[in-house]
Amino acid sequence: MKKLTVLMLAAGLMTSGAAMAAGDSAAGKTLYEASCASCHGMQAQGQGMFPKLAGLSAERIKTTLVAFKAGDTATLKKEGLGGPNSAIMAPNAAGLSEQDMDNLSAYLSTLK
């Protein structure tokens, strides 16, 4: 009985982990390379005035993209983001769908 309980718990954890990974990393990579890499670098290490994105959690990336899209400067400021680059990033985020943001978040969270 204990083995069955452990297996059920493990299966539940794997399922919940899969549910949290809402985005498609491969689709996110394609979108990133086409739309983001020219500013943030091919490996999202940042360049010039554009920040490093590699190493951020999927949740942080998604929260940031949603805030940029909504023009939510309060959230950006609270997160220590935004600033002079907001004017550049906001129009880029405006064209992203919910799925695009999930895909980008899934991909970028794989980079270190």
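Visitor: Is T64 buried or exposed?

Guide: A residue counts as buried when its relative accessible area is under 20%. The model before us is a predicted one. In this model T64 has a relative accessible area of 14%, and T64 is therefore buried. The residue belongs to helix α4. Apart from its neighbours within four places in sequence, T64 is in contact with L76 and L81.

Visitor: How much of the protein is buried, and how many helices and strands does the protein have?

Guide: Buried residues make up 27% of the 112 residues. The protein has seven helices and zero strands. Read from the N terminus, its elements run α-α-α-α-α-α-α.

Visitor: Which residues touch the most other members of the largest nonpolar core?

Guide: The general idea is that nonpolar side chains in soluble globular proteins tend to be buried together. Here the largest nonpolar core has 19 residues, and those touching the most other members are Y32, A44, L65, L96, L104, L108 and L111. Two or more residues of this core come from each of α4 (58-70), α6 (86-94) and α7 (98-108). As an example from the core, consider L96. Leaving aside neighbours within four places in sequence, L96 is in contact with L31, L65, K69, M101 and L104.

Visitor: How many residues of α7 are buried?

Guide: Eight of the 11 residues of α7 are buried, and the helix is mostly covered. The buried residues are M101, D102, N103, L104, S105, A106, Y107 and L108. They pack against α2 and α4.

Visitor: At what angle do α4 and α7 pack, and how far apart are their axes?

Guide: Two packed helices are described by the angle between their axes and the distance between the axes. For α4 and α7 the angle is about 145°, and the axes are 8 Å apart. The crossing in which α4 passes α7 is right-handed. On the α4 side, the residues that meet α7 are A58, I61, K62, L65, V66 and K69. On the α7 side, E98, M101, D102, L104, S105 and L108 meet α4.

Visitor: Which residue is joined to D102 by a polar contact between side chains?

Guide: The partner is K62, and the polar contact between the two side chains is 2.6 Å. D102 lies in helix α7. Because its relative accessibility is 16%, D102 counts as buried. Not counting residues up to four places away in sequence, D102 touches A22, G23 and K62.

Visitor: How many aromatic pairs does the structure hold?

Guide: A pair of aromatic rings is described by the distance of the centres and the angle of the planes. The structure holds one aromatic pair. The ring centres of Y32 and Y107 are 5.8 Å apart and their planes stand at 45°, so the pair is tilted. Since Y32 lies in helix α2 (residues 25-35) and Y107 in helix α7, the pair ties together parts that are 75 residues apart in sequence. Y32 and Y107 are both buried.

Visitor: Where does S86 lie, and which residues is S86 in contact with?

Guide: S86 lies in helix α6. With a relative accessible area of 17%, S86 is buried. Leaving aside neighbours within four places in sequence, S86 is in contact with F68, L76 and P91. The C-alpha atoms of S86 and L76 are 8.9 Å apart in space, and the two residues are 10 apart in sequence.

Visitor: What share of the contacts with a separation of 6 or more joins residues 24 or more positions apart?

Guide: In this protein such residues account for 63% of those contacts.

Technical notes
Residues are numbered from 1 along each chain as its sequence is written. This is a predicted model: local features need pLDDT of at least 70, side-chain atom pairs count only at pLDDT 80 or more; totals for chains, interfaces and linings use all residues. Side-chain values use heavy atoms; hydrogens and water are left out. A nonpolar core is a set of buried Ala, Val, Leu, Ile, Met, Phe, Trp, Tyr and Cys residues joined through side-chain atoms within 4.5 Å. Buried means under 20% relative accessible area, exposed over 50%, partly exposed in between (1.4 Å probe, protein chains only). Helices (H or I, at least four residues) and strands (E, at least two) are DSSP runs, numbered from the N terminus. Contact means heavy atoms within 4.5 Å. A polar contact is a pair of N or O atoms within 3.5 Å; within protein, one must be able to donate a hydrogen and the other to accept it, and residues adjacent in sequence count only if both atoms are side-chain atoms. Rings of Phe, Tyr and Trp (its six-membered ring) pair if their centres lie within 6.5 Å; planes under 30 degrees apart count as stacked, over 60 as edge-to-face and the rest as tilted. Axes are lines fitted to C-alpha atoms, for helices over the stretch in contact, and angles run from 0 to 180 degrees between N-to-C directions. A crossing is left-handed if the near helix is turned anticlockwise from the far one by less than a right angle, and right-handed if clockwise.
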